[in-house]
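Have the viewer open and follow along.

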Amino acid sequence: MIFYGTKGSHLHSERVSGIKCNHCEQQTSHTISIFGKYFYIYWIPIFPIGKKGISECNHCKATYERKEMSEQLKLAHDNVKRQTKTPFTHWVGSLLIGGLIAFGIYAANQHEKDVVNYISAPQVDDVVEYKSSESAYSTLKVTKVTNDSIFFVANSMEISRKSRIYKIDKDKNYNAERYGISLADYKKAFDDNTFLDVDR
Ligand SMILES: [Zn+2]
C-alpha cells in the first residue's frame with residue numbers, strides 16, 4: 001500500500017497593523033500566516049501545489065480565509081504571500097527521483113561502454129547472459145581465455161526474467177557442461193544476439 005496525499009506546512013507569519021477587523025470592528029493588527037501545500041508519497045514531499053494564507057485578528061482572534069477578508073486585509077495577505085518563498089524541501093522527492101533516473105541512465109550507458117570492452121578482451125570469471133530457451137535465461141562463466149579461444153562452464157539453473165539473472169549467478173550453479181569456442185565466434189555471438197550481455 002502506497003501512502004500519498006497532500007499536506008500543508010507553515011512557512012511564514014507576519015503581523016500587519018492598522019486594519020479594521022470585520023468581526024470586532026477594531027482598527028487593529030492581524031497575524032497573516034502562509035502555508036505551503038505539497039504532494040507527498042510516504043511522507044516525502046514530492047512537489048509543492050501552492051500557498052494559502054489565513055489571518056487572525058490580534059484583538060478578537062477571529063480568523064479569515066482569503067475569500068472572507070476585507071479588501072484591505074486581502075491586499076496585506078497577498079503581499080505577505082508573494083514574499084513567502086516555497087522552500088526547496090517541498091521538491092525534495094522530485095529531486096530524489098530525478099537524481100535516481102539520471103543515475104540509472106548514467107549507469108546503463110556506462111555498462112554498455114564496459115560491455116564493448118569486456119567482449120573485445122574477455123577475462124576469466126566474466127559472466128555471459130544468454131537466452132537458454134523460449135522463456136528462460138541462463139549464464140556461462142568464462143573459465144579460460146587463450147590467444148584464439150575462450151572456454152566456459154554453463155550454469156545449471158535458468159530463470160524466466162532477464163532482470164533476475166543475478167539470482168542464479170552463484171558459484172555452486174556452475175557445474176553443467178563445458179564449452180570452448182573461437183574468440184571470433186564469441187564476438188559474433190553478441191552481434192547476432194545469441195549472447196546478450198556480460199557482467200564482470
Ligand atoms: Zn477582531
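**Walking through the chain**

Let's start in a loop: Asp-125 sits between helix H2 (92-120) and strand E5 (127-133), with helices (H or I, at least four residues) and strands (E, at least two) being DSSP runs numbered from the N terminus. Its phi is near 85°, a positive value in a residue other than glycine. For reference, a residue is buried with 20 or more other C-beta atoms within 10 Å of its own, exposed with 12 or fewer, and partly exposed in between, the C-beta atoms being placed from the backbone.

Some ground rules before going on. This is a predicted model, where local features need pLDDT of at least 70 and side-chain atom pairs count only at pLDDT 80 or more, while totals for chains, interfaces and linings use all residues. Residue numbers run from 1 along each chain as its sequence is written.

Now zoom out. The chain has three helices and nine strands, and along the sequence they follow the pattern β-β-β-β-α-α-β-β-β-β-α-β. The radius of gyration is 32 Å, well over the 16 Å that the globule rule gives for 200 residues, so the chain is more spread out than a compact globule. (That radius is taken over C-alpha atoms, and the rule is 2.2 Å times the number of residues to the power 0.38.) Along its principal axes, the C-alpha trace spans about 95 × 30 × 25 Å. Buried residues make up 16% of the 200 residues.

The chain is divided into domain 1 (4-94) and domain 2 (117-199), with bounds that come from an automatic or database domain assignment. Their C-alpha centres lie 62 Å apart.

Take the four-strand sheet next. It is open, antiparallel in its pairing, and ordered E1-E2-E3-E4; two strands pair if DSSP finds at least two bridges between them. Strand E1 (4-20) and strand E4 (63-65) are the edge strands, each pairing on one side only. Neighbouring strands here are turned by 25° against each other on average, direction ignored. E2 and E3 run antiparallel and are joined by twelve bridges, and Phe-35 stands opposite Lys-52 in E3. H2 packs on this sheet, touching E2 and E3, and its direction makes about 170° with that of E3. Axes are lines fitted to C-alpha atoms, for helices over the stretch in contact, and angles run from 0 to 180 degrees between N-to-C directions. Contact means C-beta atoms, placed from the backbone, within 7 Å.

The loop between strand E2 (27-41) and strand E3 (44-57) holds Tyr-42. Its phi is near 50°, again positive in a residue other than glycine. Tyr-42 is exposed, with 9 other C-beta atoms within 10 Å.

The other sheet has five strands, is also open, and runs E8-E7-E6-E5-E9 with antiparallel pairing. Strand E8 (178-182) and strand E9 (195-199) stand at the edges with a single partner strand each, so one side of each is left without a neighbour in the sheet. From one strand to the next, the twist averages 35°. Four bridges join E5 to E9, an antiparallel pair, and the bridge partner of Val-127 in E9 is Asp-199. Helix H3 (residues 183-191) packs on this sheet, touching strand E7 (149-154), E8 and E9, with its direction at about 95° to that of E8.

Terms used
Two residues are in contact if their C-beta atoms, placed from the backbone, lie within 7 Å.
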